[in-house]
Amino acid sequence: MFMLERRMDISRKASSLFVLLSLLLAFFVTGLIFHLLGVDVAQFYSTICNVFITPALLLQAVFRSIPIILASLGLVVAFRMGFWNIGAEGQIYLGMIAATGIVILHVSYGAIPASLMLVAMGVASFLAGGAWCLIPASLKVRLGVNEVLTTLMLNYIAMLFTDYLVYGPWRDPEGWGFALSIPFPEYATLKYCGNPSTVGIVISVAVAGFVYFLFKYTKLGFTLSVLGKSSDVAKYAGMQAGRATLLGSIISGGMAGLGGLYVVSGMMGRLRPRASPGYGYTAIIVAMLVQLNPWLILPAGVFFGGLLTAGDALQSSLRLPFSAITVFQSVIFLCIILAEFFRRYRVVLRRL
Amino acid sequence: MSLEWVGSVLAGTTSVGVVYLLGSLGEIYAERSGILNLGLEGIMALGAATSFITTIAWGHAVAFFVAGVLGILMGLLLAFFTVSLRLNQIAVGLAITMLGSGLSGFIAFPTTRKTILRALNPELPSTALEAQSAPMLPSAPLPFLKDVPIAGPMLFNHNPVVYVSLILAPTMWFLLFRTSVGLKIRSVGENPGMADALGINVFRIRYLTCMLSGAFSAMAGAYLILGFQPFWIEGITGGRGFITLSLIILSAWSPLRAVFGSLLFGGIEVLQYRLQLFGFGAASPQFVLMLPYAIAVITLSLLSIESFRKRISAPAALAKPYYREE
């Protein structure tokens, strides 16, 4: 008879080993599913591997990973404080909206000087993403509304609101009727500061450093980790749990908002409907894969950015739908969760 | 507003509402036993995609059966992860939602769909291989009853799946609240430790309710495409699974009240189309499309207010893994 024994603690090495094994398992299971569905599995994997050994494609992977990484860093903050923020997708959209709003304020009304544009866009997208996450957080703190469903619902609302803006008031009058905002002037794009990928890497490393610093050295970070372990302990220790949750949620959503800024200002140069192919959902998988370690999010994010890049290649080479990548991602997600089990328990054979 | 107009709105309300009702009936059992199936959205999508394909290949009855079986398999996956391995239900549910949405998009994609259809039924004509929509369930109006004003079009002029769902709701309410099996399910969700001590097999009950929830979610998806919206588009469920989870809270985890919750959200959806016909929101239909999500957030918040919360209490062990102390 199999019995489960709870592990008291587990070495870092063993823990990483489980995660790596779970990734291998994910490759195997995905291969099996696709084989059953009649896909050429060898070519599927070689297309994916190709992304990581071809410099141009690898650069593309890094490029596409930036919004995932930023949103994922935000999720680290939320998950560490025990707040199930599944709303990164919506918070990314709010970031896009705010950044575009600043551009429109500037172009149509001359409200903001050109030299301050990127700073203003950064602040606005952070605040907008943060505010979007603050809604479910304050509902949770004030009324005890479970955040899982509210953050999910707000994703749909944010996406539809973006649709409204680009189909309606923000549609480019010279855009030939397409649902697009006006193109951003050059000083409102990240090209202004250098190569967008490099800029993205610099921002990501800085934000990862911030998250690391937050939890390592600040009182807020400490409060948040205690909250994540047990809200009762936090309460009895006299911590201001409510205030910390609200602050943490602003930081969490704000980082996703920065991811949105990167999408419009670094990648597209304008706002489009459905501009995110689920960066906010992929970010959840990334955060869990690295067990909420901010530094490891960088390479893990690039891996998932690579999967998105491979998704485009699969469409042309194997004529596979993009959802092939969604399947792969979700199997990885399930296997990561499975690794959590082996980290927590030891399976022992025992005679009854 | 003529009587006919009211009748047609109500008929639409029922026909959308059944999507929610089917989804919620199974899920209420799961939640009553302490399992939150956040995978509902993805299983619904998978049910819609498979029934879309199998209907073209083999017809309606088989389609519902296949969707149900796949739903049971997804439910087993959920049970294995959350009941046996005691893993976090929210994480597992999200992963299952992603898996279901991914697989549904994959198998219903035109090229893969064609391959699958050919394998399922080599005799299909090429028009069927290319079809963008599934043949809908035939309507089966009930004689005499269908002519009753208001109630007739609302309840008695639909396809058989609607009637079955409407009969299932009170049946499943009775099973849950008036039989010993129902008592067992509820006690497992309230206090699994006590239930276990009384000799109820907590694990078996939770496995069963997971499978039930999976089957019903998938059949809700099958009904969505066969009974309501026959055209396949990726992301066909559009958050209806998540809305189902919200309306269960609104229905206080009762299969009977879920009928009203489902009709409420069905009605909101029908009004969306009607409002657009009236020119309301014609320029910016997005605000009308936001309604169900916004209303879900608002109702969830209102229900959390102290005085409401006392009256409807969630199963105490909801989303908590159970293990015996050893």
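Predicted model: local features only at pLDDT ≥ 70, side-chain atom pairs only at ≥ 80, totals over all residues.

**Reading a two-chain model**

Biologist: What is the mean pLDDT of chain B, and where is confidence lowest and highest?

Modeller: The pLDDT is the predictor's confidence in each residue, from 0 to 100. Chain B has a mean of 92, and 98% of its residues reach 70 or more. Confidence in chain B is lowest in helix α15 (residues 306–311), with a mean of 72, and highest in helix α11 (residues 202–228), at 97.

Biologist: How many helices and strands does each chain have?

Modeller: Helices (H or I, at least four residues) and strands (E, at least two) are DSSP runs, numbered from the N terminus. Chain B contains 15 helices and zero strands, while chain A contains 13 helices and two strands.

Biologist: What does the radius of gyration say about chain B and chain A?

Modeller: The radius is taken over C-alpha atoms, and the globule rule is 2.2 Å times the number of residues to the power 0.38. For the 326 residues of chain B, a compact globule would have a radius near 20 Å, and the value of 20 Å for chain B agrees. For the 352 residues of chain A, the rule also gives a radius near 20 Å, and the value of 21 Å for chain A agrees. Along the principal axes, the C-alpha atoms of chain B fill a box of roughly 60 × 50 × 40 Å, and those of chain A fill one of roughly 80 × 60 × 35 Å.

Biologist: What percentage of the residues of each chain count as buried?

Modeller: Buried means under 20% relative accessible area, exposed over 50%, and partly exposed in between (1.4 Å probe, protein chains only). In chain B, 56% of the 326 residues count as buried; in chain A, 57% of the 352 residues do.

Biologist: Why is B:Thr82 called buried, and which residues is B:Thr82 in contact with?

Modeller: B:Thr82 is called buried because its relative accessible area is 2%. The residue is found in helix α3 (residues 60–84) of chain B. Leaving aside neighbours within four places in sequence, B:Thr82 is in contact with B:Ile35, B:Leu87, B:Gln89, B:Val92 and B:Pro321.

Biologist: Which residues of chain B is A:Ser330 in contact with?

Modeller: A:Ser330 lies in helix α13 (residues 323–344) of chain A. With neighbours within four places in sequence left aside, A:Ser330 is in contact with B:Ala95, B:Met98 and B:Leu99. A:Ser330 is buried, because its relative accessible area is 0%.

Biologist: Where is A:Trp170 found, and is A:Trp170 buried or exposed?

Modeller: A:Trp170 is found in the loop between α6 (147–167) and α7 (196–217) of chain A. With a relative accessible area of 18%, A:Trp170 is buried. Beyond neighbours within four places in sequence, the contacts of A:Trp170 include A:Ile97, A:Ile104 and A:Leu271. The C-alpha atoms of A:Trp170 and A:Thr198, 28 residues apart along the chain, are separated by 30 Å.

Biologist: What is the phi of B:Trp253, and what is that of B:Ala319?

Modeller: Most residues other than glycine have a negative phi. B:Trp253, which is not a glycine, has a positive phi of about 55°. B:Trp253 is found in the loop between α12 (240–250) and α13 (255–277) of chain B, and is buried at 5% relative accessible area. B:Ala319 has a positive phi near 65° and lies in the segment after α15 of chain B. At 32% relative accessibility, B:Ala319 counts as partly exposed.

Conventions: Residues numbered from 1 in each chain as written. Chains lettered and ligands numbered in written order. Heavy atoms only, no water. Contact = heavy atoms within 4.5 Å.
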